[in-house]
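Here's a quick tour of a protein fold, written for someone just getting started. Keep the picture open while you read.

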Amino acid sequence: MMKQRQASIYKYTQLLWSVLLVLVIWNQPQYALADVNPQEINAIIRTRDIALQALNTRDFAKIQPYLHPNFTITTVDNQIFHKVPEFEKYWNQQFSSSIKDIKMQLKGDTLRTFLTPEIDVASGEAIASFSFKDGKAADMALRWTAVLQKLQDKWTIQSLHFSSNLLNNPVLNAAQQLGRILAVAAGVGGFLLGALRFPSGSIDDAIITSQN
């Protein structure tokens, strides 16, 4: 009796695992089980390279045909753009202060997941190299995530998101340094202005008057 019960439990256990395995295989997308066509990967990389070139040369007309009609770009300072002219204006404004040039390059391997044969989610790391107008330079480490969708035989960027370490930001550090310089300059300027308005004797008289 005990052996029959154990045999039944074993039989039902095997049946349960078989059912679960069938369900997993049934729900597993077929495209995830097959190797991705290398031609598709090359097309995705081509779109990526065009996007990098557009950023580094500030020629956004090159990337326009490779953007999804409803694309989204989220920058490291948490601004969101849906139109190329708006992002182009934002990007060019970065060079109106202390920044002379920005060059971006990818770092390490790209992690890639195909949600469907036409949707690719990619992520990785990058380095943004800043050149400042005072001759200094600095690098900022970035992380990025991109969603690409194939439309009309062309891989387009549906969304692109950048993030960085706020505690190690060369632009923020440069701005803080500039702020300290301006503060010192304002203090020196105020002292000189006061000295010009009050001759040396007048300052002494003013101090004596205030004490009395």
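This is a predicted model: local features need pLDDT of at least 70, side-chain atom pairs count only at pLDDT 80 or more; totals for chains, interfaces and linings use all residues.

**How the strands line up**

In β6, Ser-159 is the bridge partner of Val-147.

- Strands of a sheet pair through backbone hydrogen bonds, and they can do so parallel or antiparallel.
- Here, 6 strands make an open sheet with mixed pairing, and their order is β2-β1-β6-β5-β4-β3.
- β2 (80-81) and β3 (99-116) sit at the edges with a single partner strand each, so one side of each has no neighbour in the sheet.
- Helix α3 (residues 38-57) packs on this sheet and touches β3, β4, β5 and β6 (154-164). The direction of α3 makes about 160° with that of β3.

**Who pairs with whom**

- β4 (residues 119-132) and β5 (residues 137-151) run antiparallel, joined by 13 bridges.
- β1 and β6 run parallel and are joined by 4 bridges. Look for Thr-74 opposite His-161 in β6.

**A helix with two faces**

- Which residues of helix α4 (residues 84-93) are buried? They are Val-84, Phe-87, Tyr-90 and Trp-91.
- These residues cover an arc of only 130° around the axis, which puts them on the same side of α4.
- Turn to the face of α4 that points away from the buried side, and you'll find the exposed residues Pro-85 and Lys-89.
- The cover over the buried residues of α4 includes α3, β1 (67-74), β2 and β3.

**The nonpolar core**

- In soluble globular proteins, nonpolar side chains tend to be buried together.
- The largest nonpolar core in this model has 36 residues, and Ile-63, Phe-87 and Trp-91 have the most contacts inside it.
- Two or more residues of this core come from each of α3, β1, α4, β3, β4, β5 and β6.
- Which element gives the largest share of this core? That's α3, with 6 residues.
- Leaving aside residues up to four places away in sequence, Ile-63 touches Thr-47, Ile-50, Ala-51, Ala-54 and Ile-157.

Terms used
Residues are numbered from 1 along each chain as its sequence is written. Side-chain values use heavy atoms; hydrogens and water are left out. Two strands pair if DSSP finds at least two bridges between them. Contact means heavy atoms within 4.5 Å. Axes are lines fitted to C-alpha atoms, for helices over the stretch in contact, and angles run from 0 to 180 degrees between N-to-C directions. Buried means under 20% relative accessible area, exposed over 50%, partly exposed in between (1.4 Å probe, protein chains only). The arc is that of the directions from the helix axis to the C-beta atoms. A nonpolar core is a set of buried Ala, Val, Leu, Ile, Met, Phe, Trp, Tyr and Cys residues joined through side-chain atoms within 4.5 Å.
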